[in-house]
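User: I would like to learn how to read features from a structure like this one. Please take me through them one at a time.

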Amino acid sequence: MARARYAEPAPQGIPQVASEAEQAVVDDIAVPVLATQALDDAPMVREPVQSPAPRGRRAPARDAALLTAPVTNGKRKSAKSDGPTKLFVLDTNVLMHDPMCLFRFEEHDIYLPMIVLEELDSNKKGMSEVARNARQSSRTLDGLAGSPKADIAVGLKLDTTGHQEAGGKLFFQTQALNESLPASLPQGKADNQILGVVEALRREHAPREVVLVSKDINMRVKARALGLAAEDYESDKALEDGEFLYSGALALPPDFWAKHGKTVESWQQGLHTFYRIAGPIVPSLMINQFVYFEAPGEPSLYARVTEIRAKTAVLKTLKDYNHLKHAVWGVTTRNREQNFAMNLLLDPEVDFVTLTGNAGTGKTLMALASGLTQVLDDRRYTEIIMTRATVSVGEDIGFLPGTEEEKMGPWMGALDDNLEVLAKTETSAGEWGRAATNELIRSRIKIKSMNFMRGRTFLNKYVIIDEAQNLTPKQMKTLITRAGPGTKIVCMGNLQQIDTPYLTEGSSGLTFAVDKFKGWPHSGHIMLARGERSRLADFASEVL
C-alpha cells in the first residue's frame with residue numbers, strides 16, 4: 001500500500017525520551033507504550049494451537065506437515081504449530097487495510113513501532129475508508145490497553161477483548177533502537193524507520209524470527225534486499241488461490257449412470273422432472289449447484305440441486321431458455337452457463353445471485369432482461385435499482401454537475417448499451433411503440449450511488465450491483481444488508497478486471513460473497529465461461 005496516499009512526511013527519527021508532542025499523540029489514541037526490553041521476558045515457546053494459521057504466517061517447522069495436510073474447498077488445513085513463536089512487525093498500511101489484523105496472527109506476538117502510531121494519528125481524519133479504518137484501529141488499541149489486568153511490563157494480551165483465536169501479545173516501542181541501515185536510505189522516511197526497527201529487533205532477539213508484514217510491495221522488496229524477512233498481509237483473502245473459487249456448476253462423471261442409475265428415484269412435478277440420487281458424488285454437492293451430464297450417444301442432463309438430506313440429493317431439471325419460445329424479454333441464452341444463470345435470475349426463491357465471467361459473457365444483459373420481465377410482466381418487483389463501484393480505469397474526470405442519477409450517468413454506459421439491445425427486440429410495435437417502451441423501461445430503472453446506501457432498506461426491489469469485483473468485503477456487506485422483504489440482489493463482475501488499489505482476486509468483495517453464500521438455499525452462483533459479445537472481443541480476452 002503506497003504510503004504517499006495516507007501520510008504526510010514522517011518526523012525525523014525517534015528520540016530517546018518521548019517529548020510532550022509525542023506523548024500527546026499517544027494519549028490521543030489512548031495507547032500506553034512499552035519498552036522494548038519487555039520483549040525479552042516474553043515466552044519463546046507456547047503450547048500448540050488448533051486453529052489454522054493465516055497464510056504466509058507459518059513457522060518453518062510446519063511446512064513439511066502442511067504438504068500432506070488435506071485440502072478442503074481449496075484451502076489446506078494447517079497442522080499444529082510446534083515451533084517457536086514469531087514476532088511480527090506491522091506496517092501502518094496493514095492496520096489501515098484491516099483494523100482487525102491484530103487478531104489474525106494466532107499464537108505469535110505483534111510489535112508496533114512508534115512511527116506507526118504517528119501515522120495512524122495523522123490519517124484518522126476524514127470520511128474515506130482508510131480514515132475509518134485508522135480510527136477503528138485506534139479504538140482497538142485503546143480497548144486492549146484499557147482492558148482489566150493489562151500488564152504493560154510484559155505486553156498486552158490480544159485475547160483480553162474476546163478474540164480467543166489470538167494467543168500472542170502486543171508490544172509497543174518507546175525508545176530509539178540501535179539501527180544500522182545503509183546511508184543511502186534517508187533516515188527521516190517512515191518506511192526506513194520501520195525497516196530500522198525490524199533490523200534492530202532481529203539482532204536483539206535472535207534467534208527468534210522477526211518478520212515485517214506490509215501491503216507495500218516496495219517496502220517488502222527493500223526489506224528483503226536488506227536481508228530482513230518480509231511478508232504480505234494475506235489473512236483478508238477469502239481464498240488462497242482464485243482457481244479454487246466456487247464455479248456453481250459440476251460436470252457429472254462419464255460413469256455417473258452406471259454408479260447411480262440403480263438407486264435413482266424420479267418423479268414429475270409440473271414441467272420439471274426430479275431425481276433423487278444416492279452415491280459417492282452426493283458429499284461433493286451443494287444446494288443450488290448446477291450439475292450436467294453430456295456424453296456421446298446418451299441423453300444429456302441439466303439439473304440443479306434442490307435438496308441434500310443425509311446421503312441423498314434431489315436434482316431438478318431446468319427450464320430451457322435456449323429456445324425462442326422461452327425467450328426472456330426477447331433474449332435467449334446461447335450456452336450452458338448462460339442457461340444456468342437465467343434459471344437463477346428468474347427463480348423467486350433465490351434472493352441473492354452472483355455472476356462472474358470475462359468481458360462479453362452476457363452478465364449485464366441477462367440481469368437486465370430478467371429484471372425487466374419480473375418488474376413489467378410478472379409484477380414481482382416494483383422497480384430495478386442499479387449501482388456500481390465508481391472506480392476509474394484511467395484518470396478521473398473530476399466533479400460532475402447534476403442530480404445523483406446524472407452524476408452516475410458516465411458510469412452507466414453498460415446499462416445504456418444493454419437497454420439499446422433490449423429495446424430493439426420488439427420489432428412489431430413500430431417507432432412509436434419502441435419509444436413508449438423505452439420511456440416505460442427508463443421509468444422503472446433507478447440509478448443510485450453506493451455512497452448514499454448506508455441506512456436504506458429496499459422493499460420488493462430488483463437490485464443489480466455491477467462491477468462488484470471492485471468492492472471490498474465491507475462494502476459488499478453494506479450493500480447486501482440493504483435488502484428488505486421481497487428484494488432480490490444480483491452481483492456481477494469480472495475478477496480479471498479489478499481496478500481498486502490493493503484489492504486482489506482473493507480479497508475482492510465479490511469473491512468474499514461467492515465463498516460465504518455457497519450452499520445457502522436462497523442464493524446461487526454461476527461462473528460464465530464463454531464470451532458471446534463478438535469474435536473480436538473473445539480473441540482479445542484470450543491473447544491480450
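Analyst: This is a predicted model. Of its 544 residues, 48% are buried. The accessible surface comes to about 26200 Å², and carbon and sulfur atoms account for 53% of that area.

User: How many helices and strands are there in the protein?

Analyst: The protein has 16 helices and 20 strands. Among contacts with a separation of 6 or more, 71% join residues 24 or more positions apart.

User: Let us turn to single residues. Is Met-476 buried or exposed?

Analyst: The cut-off for buried is under 20% relative accessible area. Met-476 has 1%, so it is buried. This residue belongs to helix α14, which spans residues 473-480.

User: Which residues does Met-476 touch, leaving out those up to four places away in sequence?

Analyst: With those left out, Met-476 touches Ala-468, Leu-471, Cys-491, Gly-509, Leu-510 and Ala-513. A separate value is the spacing of C-alpha atoms: Met-476 and Ile-465 are 11 residues apart along the chain, and their C-alpha atoms are 9.4 Å apart.

User: Where is Asn-133 found, and what does its side chain do with the backbone oxygen of Met-96?

Analyst: Asn-133 sits in helix α5, residues 129-145. A polar atom of the Asn-133 side chain lies 2.8 Å from the backbone oxygen of Met-96. That pair falls within the 3.5 Å cut-off used for a polar contact. Asn-133 has a relative accessible area of 5% and is therefore buried. Beyond residues up to four places away in sequence, Asn-133 touches Leu-95, Met-96, His-97, Pro-99 and Lys-474.

User: Which peptide bond is cis here?

Analyst: The bond from Ala-206 to Pro-207 is cis, with omega near 10 degrees. Pro-207 is in the loop between α6 (190-204) and β7 (210-213).

User: What is the phi of Glu-106, and what is that of Ala-310?

Analyst: Glu-106 is not a glycine, yet its phi is positive, at about 50 degrees. Ala-310, also not a glycine, has a positive phi of about 55 degrees. Glu-106 lies in the loop between α3 (92-97) and β4 (109-112), and Ala-310 lies in the loop between β13 (301-309) and β14 (312-317).

User: Is Glu-106 buried or exposed, and is Ala-310 buried or exposed?

Analyst: Glu-106 is buried, because its relative accessible area is 5%. Ala-310 is exposed, with a relative accessible area of 78%.

User: How is empty space found?

Analyst: A probe the size of a water molecule is rolled over the atoms, and this shows where space is left. In this model, the second largest pocket has a volume of about 740 Å³.

User: How many residues line the second largest pocket, and which helices each supply at least two of them?

Analyst: The lining has 27 residues, and those nearest the centre of the pocket are Gly-360, Gly-362, Leu-365, Asn-418 and Arg-533. Helices α10 (363-377) and α12 (413-423) each supply at least two residues of this lining.

User: How do the lining residues of the second largest pocket divide into nonpolar, polar and charged?

Analyst: The lining consists of 6 nonpolar, 14 polar and 7 charged residues.

How values were computed: Residues are numbered from 1 along each chain as its sequence is written. This is a predicted model: local features need pLDDT of at least 70, side-chain atom pairs count only at pLDDT 80 or more; totals for chains, interfaces and linings use all residues. Side-chain values use heavy atoms; hydrogens and water are left out. Helices (H or I, at least four residues) and strands (E, at least two) are DSSP runs, numbered from the N terminus. Buried means under 20% relative accessible area, exposed over 50%, partly exposed in between (1.4 Å probe, protein chains only). Contact means heavy atoms within 4.5 Å. On a 1 Å grid over the protein atoms alone, a cavity is a set of points where a 1.4 Å probe fits but cannot get out, and a pocket is an open set with protein on both sides within 12 Å along at least five of seven lines; lining residues have an atom within 4 Å of a point. Grid points are joined across faces, edges and corners, and a volume is the space filled by probe spheres set on the points. Ala, Val, Leu, Ile, Met, Phe, Trp, Tyr, Cys and Pro count as nonpolar, Asp, Glu, Lys and Arg as charged, and the others, Gly among them, as polar. A polar contact is a pair of N or O atoms within 3.5 Å; within protein, one must be able to donate a hydrogen and the other to accept it, and residues adjacent in sequence count only if both atoms are side-chain atoms. Accessible areas come from the Shrake-Rupley method with a 1.4 Å probe; for residues, only the protein chains shown count as cover.
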